[in-house]
Amino acid sequence: MENSNQKRVSWTSKFGFLMATAGSAVGLGNLWRFPFMTANGGGGVFLILYLTLVFTIGLGLLLLEMGLGAKMRLNPVGAMRKINSHFGFIGSIGIWVVTIIFPFYSIVGGWIFHYFLIFCTQPLIKIHQDYFSQFIQNPYWPLFYTLLFMILTAFIVIKGVKNGIEKYSKIMMPALFMLLLCLVVRSATLPNAFEGIKFFLWPDFSKVTTNTFLTALGQVFFSLSIGMGTFITYASYLNEKVNLPKTAMIIVSLDTLVAFLAGLMIFPTVFSFNVPLNSGPTLVFITLPKIFSAIPFGSCIGILFFILLSLAALTSSISILEVAVAYLNDNHHFSRKKSVILFSVFCFFLAIPMSLSFGLLSGFKIFDKSFFDLADFIASNILLPLGGILLCISVGWFYGFKNLEIFQNKAGNIFFGFLIKFIAPIAICIILLQAVGLI
Ligand code: TRP
């Protein structure tokens with residue numbers, strides 16, 4: 001049994017909805033994941049692939065999720081069941097993906113919290129190049145911060161849609177954006193900055209492999225928060241008509257702009273200070289202290305930056321947790337509080353092996369990946385795109401894109417209908433099959 005529409009909570013305004021969706025999209029995916037994925041993917045080539053995918057498949061799926069949520073006004077499982085009674089499982093995949101992404105995300109959120117505290121309590125000079133790798137190898141502290149991050153997320157989600165999610169998103173996102181701009185200017189004027197900008201923007205096509213396509217696709221899904229029903233859930237709380245194509249376009253542009261700025265902030269620093277390009281998930285945590293050390297009042301700016309980064313991470317993590325909570329609440333009639341607590345405790349246990357995979361369990365590899373990398377790979381590169389394909393097929397082939405009534409004009413329905421029915425599922429399928437070596 002699903003909740004009736006009358007009882008459903010809602011956003012207070014269109015602006016609140018926009019800020020909350022932007023808050024979900026803009027997060028660690030842009031400021032932390034995008035730079036190291038770009039570094040691994042060969043710089044400019046990765047950027048071109050990313051831009052191509054985000055403004056086609058990414059935009060289409062974002063619109064699709066929003067349209068579906070606004071139309072059905074149900075959580076992902078309920079919405080899919082309405083299309084076809086056998087399709088509930090497609091929504092449930094999303095719930096399972098949340099159980100991988102939430103602990104993973106909280107670990108990185110915890111790292112951010114730790115840096116924030118360090119910047120508050122210690123002079124900058126002490127943060128040396130190996131500081132970060134030593135920190136994440138510690139068995140206890142990273143998990144302590146992970147727990148802290150989860151508790152804060154849980155606290156906001158318990159407070160509910162209006163008082164929690166919407167209120168915080170409205171103020172913090174603009175502030176983060178301004179500060180990011182200042183940091184870009186500083187890092188672009190470091191010695192040797194141009195080398196970094198060149199790496200970031202100049203495509204070297206010899207670096208393209210099938211893996212580049214897959215990681216770019218995974219990054220699109222992760223960064224836009226699509227593929228597991230986040231925006232089905234968020235749009236289900238709408239009770240007024242919103243211009244969805246416009247909203248989706250704003251979100252994609254904003255999200256891409258923030259990722260782009262993050263690249264402009266990180267890469268000049270990498271080249272200016274000789275930070276190893278292949279440092280993977282640690283890249284941003286090594287470069288940022290270096291930028292701050294090159295700035296007057298760097299530690300104050302560092303504190304401010306990590307506060308805002310924590311908030312950007314929180315507006316995203318609450319959107320991750322909310323998907324699971326909406327499902328437990330609607331379909332199993334657990335109270336909001338009970339859903340949040342049960343689910344978070346479960347996810348914390350899953351976070352333990354992921355966090356320990358940097359230290360104690362670092363020798364333990366599956367497919368040559370640590371638990372942490374494996375969780376990210378399976379969730380972002382495999383399950384989210386798979387969720388995307390299934391969404392496209394159910395709406396494109398079963399429900400009919402135009403029945404979502406997103407567009408009044410014919411052209412929009414024809415263009416996006418075609419994208420959803422043919423282009424997106426086929427393209428994602430090719431990329432997935434290629435990556436596992438089947439074609
Ligand atoms: N998009 C967010 C970021 O860039 C992370 C995120 C929030 C997410 N909700 C999601 C990722 C749902 C995948 C699925 O940081």
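These legends describe close-up views of aromatic rings in a predicted model.

**View 1. F104 and F372 form a tilted aromatic pair.** A search of the whole structure finds 46 aromatic pairs, and one of them is shown here. The ring centres of F104 and F372 lie 4.8 Å apart. Their planes meet at 40 degrees, so the pair counts as tilted. F104 belongs to helix α5, residues 88-121. F372 belongs to helix α16, residues 371-399. The pair therefore ties together parts that are 268 residues apart in sequence. F104 has a relative accessible area of 1%. Buried means under 20%, so F104 is buried. F372 also counts as buried, at 1% relative accessibility.

**View 2. W111 and F358 form an edge-to-face pair.** Centre to centre, the rings of W111 and F358 are 5.4 Å apart. The angle between their planes is 75 degrees. W111 sits in helix α5. F358 sits in the loop between α15 (336-356) and α16. This pair links distant parts of the chain, 247 residues apart. W111 has 0% relative accessibility and counts as buried. F358 has 19%, and because the cut-off for buried is under 20%, F358 counts as buried.

**View 3. The charged end of R33 sits over the ring of F222.** What lies over the ring here is a charge. The charged end of R33 is 4.9 Å from the centre of the F222 ring.

**View 4. The charged end of K369 sits over the ring of F377.**

Notes: Residues are numbered from 1 along each chain as its sequence is written. This is a predicted model: local features need pLDDT of at least 70, side-chain atom pairs count only at pLDDT 80 or more; totals for chains, interfaces and linings use all residues. Side-chain values use heavy atoms; hydrogens and water are left out. Rings of Phe, Tyr and Trp (its six-membered ring) pair if their centres lie within 6.5 Å; planes under 30 degrees apart count as stacked, over 60 as edge-to-face and the rest as tilted. Helices (H or I, at least four residues) and strands (E, at least two) are DSSP runs, numbered from the N terminus. Buried means under 20% relative accessible area, exposed over 50%, partly exposed in between (1.4 Å probe, protein chains only). A charge sits over a ring if NZ of Lys or CZ of Arg is within 6 Å of the ring centre and within 35 degrees of the ring normal.
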